[in-house]
Amino acid sequence: RVCGRAAASSRSSLPAAMADLDAAEDAAKELLGIMEAFPRFKERAVDPLHPEGERGALVFRGPLKLVQTVSKLTCASKASTVGDRFKALLSRSKWVRQEELEQALDGADGLDGLDGRLAAYDPAREYVAVVVAELQRGPACWHQVGGGHPASIEDSGPWLYVLDHGTSRAGRRPGFSYTGSLRPYRVSPRRPVAEGILLPDYAADGDPRAEQAAPARSTPPVVSAAQAEKLRAVCRMGREIVDAAHRVIKPGVTTDEIDRVVHDKHMEFGAYPAPLNYHNFPKSVCTSVNEVVCHGIPDMRQLEDGDIVNIDVSPIFDGFHADLNETFCVGPGVTQKKKDLIKASHDSLMKAIDACKPGFFYRDVGGIITSHINGCGFAVDKTYCGHGVGEYFHCAPNIPHYAGNKAKFVMKVGHCFTIEPMINTGTWKDVHWADGWTAVTKDGKPSAQFEHQLLMHESGAEILTARLPTSPPLWWEEGAQPGAATPVL
C-alpha cells in the first residue's frame, strides 16, 4: 500500500499549490506502482545499493517537473528488464540508511507511517521506496513496502493483473467477492513464440475467425487415416508437455514457472500453444488451483503444500490440435478429501471412455459420469463440456458431463473429441473472477478435472493422449512403477 500526502485539511488554499500536490501524488504513485510490477526490482535495483541486511530506503527526490518526467519515461518505456526500464530513476536515486532518513526527509509532508514500515519490513525479502517531490509549498513524500519474489521469476515486466477476458491490465488487484481463499496475482508479459512456428489466425488479435466460420462448428468432422496420424503425433507432444509440467510441481513453484516450462516445451517441439491469445487468453497453459474449476491464468502465486493444481495443455502442430489435462497434488500435505476428489474425476472419465463406441449417444456420456460422481459424494460441474477437436481447437460435438442433457449426435468412426469432467467438492455451480477467464466454485470448495482426447474406431475409443511408461505417477500410483494406459484400438 502506498502512503503519503493525503490530508486535505493541511493543503495550501491556493489552487495552483493544490494542483501541484495532486500532480506530484499522481507521478509518485505511478512510479511506486511500476516498481511493484517488476518482481526483480528488489534484487536488481535496490540490493546492489547497500550492504546485505542493512535497513533503510531507496529515495528518489527532485523538483515536481523531474518527478513527473522520470515517472512518464519509466511508465511509457517498452523496456522489459529492471536495468533498462528504471535507468532514469536509478541514476537519480540513492540508498539512505534508516538512521539517516529522518534528516534526509526533514520537513517533508507525508511521513506518517514511514517509521512503522522501516521498523517492520524484512530486508531479506522486502524493500522500502520513497519518492519526494519538492514543491513550492515544501517537500511532499510517498512511500511503500515492496516485495522480493522467488529467484525462478525472470527479470521481466511489467507484471499486471488481467481484466476483461485478457483485453486489459491493471496495476492493482481487482475487487471481487472471492468465494475461497485463492486470489489472483500479477501476470507476466506474454512470452514470445519462436520464429518459424506456424501461427493460428488469432495469434495477433485474439479472434479465431476460421474456427468460428467452419462447418465443423455444427457438424462433427470425420478424420481421415492421414489426419489420424497427425493427431497421434500432436497428442504425443501434448502428453509429453503435461508430463514435463507435472515434474516441476512442488511447493514454492509459481504457476508462471509452470507456464514457462510448458511454453518452452512447445517451442522445443515447434508447436504453437493453442491457449495463447485464444479469445485473448494471456498464457500458454491453464493452471487451475484448488477452487478453480478451469481456465486459471498462470501468475506469480507460489504453489503451497496441500494445494491441488490442474494443468491443461493444447499444442497445435502440422495443422492439428491436442487437448488434455490432469490434476496433481502439491506436496505431502494434500488432504484425503482432495485426493478422493482427484481420483473420482479420473475414474469417471475412464468409465465414460470405456462406454464409447460407434452408435453411442454423446448425451449418455454425462449419465455415466454423474452416476459415478454422485456415488463418490461429489458434484459434476454443468457449465463446461467436452468437445470435438482436430483441425480446430473447439468444434462439434459438444459433450456435457451431467445426466439428462440434450446433446446431439451419436459417435461415429473417425470422430475426434474430448471428455473432460470437472468435478466439484460441493455445489456444481461456478462463478467467474474479474479477469473473465478464471471459473471458481460458487462455494469456494476444491474442484478437479481430467481430460483425454479420443479417436473413434469400430472397436471403441483410442486414447490419443494416453499416459506413457515415463509419465510421473498420479497420487494413487506413487510407490509403483509408472505405466501407460492401454489405448483401445
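Here is a walk through a sheet, a pair of helices and a loop residue.

Keep in mind that you're looking at a predicted model. Start with the sheet: three strands make an open one, lined up in the order S10-S21-S20 with antiparallel pairing. S10 (292-294) and S20 (430-432) each have a single partner strand, so they sit at the edges and one side of each is left without a neighbour in the sheet. Going from one strand to the next, the twist averages 40°. Take a look at how S10 holds on to S21 (residues 439-441): two bridges join these antiparallel strands, and Val292 stands opposite Val440 in S21.

Now hop over to the helices. H9 (residues 225-248) packs against H10 (residues 255-269) at an angle of about 150°, and their axes are 9 Å apart. The crossing of H9 past H10 is right-handed. Which residues in H9 meet H10? They are Met237, Glu240, Ile241, Ala244, Ala245 and Val248, and on the H10 side you'll find Ile258, Val261, Val262, Lys265, His266 and Phe269.

Last stop: Phe176, in the loop between strand S7 (168-170) and helix H8 (209-213). Its relative accessibility is 30%, which means that Phe176 counts as partly exposed. Setting aside neighbours within four places in sequence, Phe176 is in contact with Val431, His432, Trp433 and Ala434. With Ala434, the C-alpha atoms are 6.9 Å apart in space, while Phe176 and Ala434 are 258 residues apart in sequence.

Conventions. Residues numbered from 1 in each chain as written. Predicted model: local features only at pLDDT ≥ 70, side-chain atom pairs only at ≥ 80, totals over all residues. Heavy atoms only, no water. Pairing = 2+ DSSP bridges. Helix = DSSP H or I, 4+ residues; strand = E, 2+ residues; numbered from the N terminus. Axes fitted to C-alpha atoms, helices over the stretch in contact; angles between N-to-C directions. Left-handed = near helix turned anticlockwise from the far one by under 90°. Contact = heavy atoms within 4.5 Å. Buried < 20%, exposed > 50% of the residue type's maximum accessible area, 1.4 Å probe, protein only.
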